[in-house]
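Good morning, colleagues. Please bring up the sequence and the structure, and I shall go through a few selected regions in turn.

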Amino acid sequence: MISRRNFLKTTGAAATAAMAMPFNEALAAAAKSGKRPNIIWLYADDHAQNAISAYGGRLAEVAPTPNIDRIAKEGAIFKNSFVTNSICGPCRAVILTGLHSHLNGFRKNGDHFDGDQQTFPKLLQKAGYNTAVYGKWHLHTNPQGFDDWEVLPGQGHYYNPDFITPEGRIKEPGYVSDLITDKALDWLDNKRDAEKPFMIMIQHKAPHREWEPGPEHLTLFDDVEIPEPDTLFDDYTGRGKAAHLQDMTIDKTMKLDHDNKVWDEDPDKYKKDGFWKRTYGRMTEAQRKDWDAAYLPRNRAFKEANLVGEDLVRWKYQRYMKDYLRCIRSVDDNMGRVLDYVDKNGLAENTVIFYSSDQSFYLGEHGWFDKRFMYEESFRTPLVAKWPGVIDAGTEIQGLVQNLDCAQTFLDIAGVEQPENMQGRSMVPLMEDESTAEQRTSMYYHYYEGEGQVHNVYVHYGVRTERYKLIYYYTLDEWEFYDLQEDPREMQSQYENKDYAGQVKELKKELKKLRKDYKVPADEA
Ligand code: SGN
Ligand code: CA
């Protein structure tokens, strides 16, 4: 195998010949022999960093993720991985294009992705890669740049989901995380061109709202108490208006019936409901029987308890977290299937495997679920990667990376030229040896859905450095500033604190510079 690091490390006569060859030529030679690295992109929807045991945190012990952790143990964990716009479709568009939302044109869920534009799968395909995508897509136009694809319509369904395929729409019996993995493994096993290197995106719907666990995990965590975050009853006194105006609390926004599955025991009542149709209404009789056996007794006990106030919030938190973590268990199990397949089929040596999520998620921190804000819980996203021969096992990468970097990273791995107009930077140098890699010093963020949209999070943009964060809610004309070293949970904005005047000024300057460098239109403010 000629990986970048092995190439540099090669010794002896072969090395002398190889060293005379520039890196790209070496890769081109490797390409001819079919040895360019394969890429597997494993991706979840709304999987919080705080719900991955490799990241530690309060859930690591009660709800471990052994297979995701396996990638981190055999490779690297990115401790400081972020997004550019914490919402589903926009994150996916950023990954495909290596461009911020204002340039790839997909700012909000509901926008339509212009599939004719440059994307990394198209560039890989052109360079001789065999490409495929299965699962959640959420870009509203059909995938381009893939030799095979089957994607969920919109948000997709958990049970007996529909898939859009090049031949039309089909309904598949089973649970969505298993089916997406089945399709991916079938492609790897039977459909891909074994003469070519491959790039496959395996993109789960889970653990997205309404958190419907699979049939095998309906009673998992039944007897476990999920630890609460210490900000569950935050009253936002240290934050600005946006935190008060949001509509994403467990207390007021989370619905007891739809989200927490305290459904009427007579499903007829729900039959006309859109929610019922896309969830319980899709199940077979047998699936419903298992579901009812798991939920109805617990629901009866809940109703009898007549909980109110903080007790009710606590109960909803437990139900929410258990369902969320049950969904994650099935994602993790399915990761294990992919890792085992790679190991058993002699692919491990020459395959780079990533695991990530479109963004992180609030797991009760600040009383919330959902994402969108530039605060840490939703600005961050998990990222682990394994690449034998290049990444040392057990590597921890501290450098700031963003999903904006994915496209160029994949191209770099494949030895394909990175287009000038892409706005990220390859993560390969960080993976090879962080001590010699150039570090990013600041990151730009911009969220566009805004007031009146689902969850009512006001539009904002901002900048984060290793230590500080400045956020501007531009329709509220309100700034917030946090010292993440002193206040990692962002409980007190220091914008008005004179002691930080110098840092605020610096970050404003940096924000202006980033907006200019990234070509943000002046009217997007
Ligand atoms: C749905 C969810 C929201 C979620 C958005 C976006 N409501 O509208 O809670 O924020 O999707 O999610 S639901 O009741 O329909 O589940 S995203 O992952 O696609 O960005
Ligand atoms: Ca999402």
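**The calcium site and selected contacts**

Asp-45 and Asp-46 are both buried. Before I go further, please note that this is a predicted model.

These two residues bring us to a metal site. Asp-45 and Asp-46 each supply an OD atom to the calcium ion, ligand 2. The other protein donors are two OD atoms of Asp-358 and the OE1 of Gln-359, and the donors lie 2.2 to 3.0 Å from the ion. Along the sequence, the donor residues follow the spacing D-D-x311-D-Q. What is the arrangement of the 6 donor atoms around the calcium ion? It is irregular, because the angles they subtend run from 47 to 172 degrees. For six donors to count as octahedral, opposite donors must be over 155 degrees apart and all others between 65 and 115.

I turn next to the helices. The crossing of helix 11 past helix 12 is right-handed. On the helix 11 side, the contact involves Tyr-295, Arg-298, Asn-299 and Phe-302. Their counterparts in helix 12 are Leu-312, Trp-315, Arg-319, Asp-323 and Arg-326.

With residues up to four places away in sequence set aside, Leu-307 touches Phe-302, Leu-312 and Trp-315.

Helix 12 has a further partner in helix 8, residues 176-191: their axes come within 9 Å and cross at roughly 10 degrees. That angle makes helix 8 roughly parallel to helix 12. Helix 8 contributes Ser-177, Asp-178, Thr-181, Asp-182, Leu-185, Leu-188 and Asp-189 to this contact, while helix 12 contributes Ser-330, Val-331, Asn-334, Arg-337, Val-338 and Tyr-341.

Finally, I come to Gly-75, in the loop between helix 4 (66-74) and strand 2 (76-78). Gly-75 counts as buried because its relative accessibility is 0%. Beyond its neighbours within four places in sequence, its contacts include Ala-385, Lys-386 and Ile-391. Gly-75 and Gly-389 are separated by 314 residues in sequence, yet their C-alpha atoms are 9.7 Å apart in space.

Technical notes: Residues numbered from 1 in each chain as written. Chains lettered and ligands numbered in written order. Predicted model: local features only at pLDDT ≥ 70, side-chain atom pairs only at ≥ 80, totals over all residues. Heavy atoms only, no water. Contact = heavy atoms within 4.5 Å. Donors = N, O, S within 2.8 Å, 3.2 Å for Na, K, Ca; no water. Tetrahedral: all angles 85-135°; square planar, octahedral: opposite > 155°, others 65-115°. Buried < 20%, exposed > 50% of the residue type's maximum accessible area, 1.4 Å probe, protein only. Left-handed = near helix turned anticlockwise from the far one by under 90°. Helix = DSSP H or I, 4+ residues; strand = E, 2+ residues; numbered from the N terminus. Axes fitted to C-alpha atoms, helices over the stretch in contact; angles between N-to-C directions. Parallel < 35°, antiparallel > 145°, perpendicular 65-115°, else oblique.
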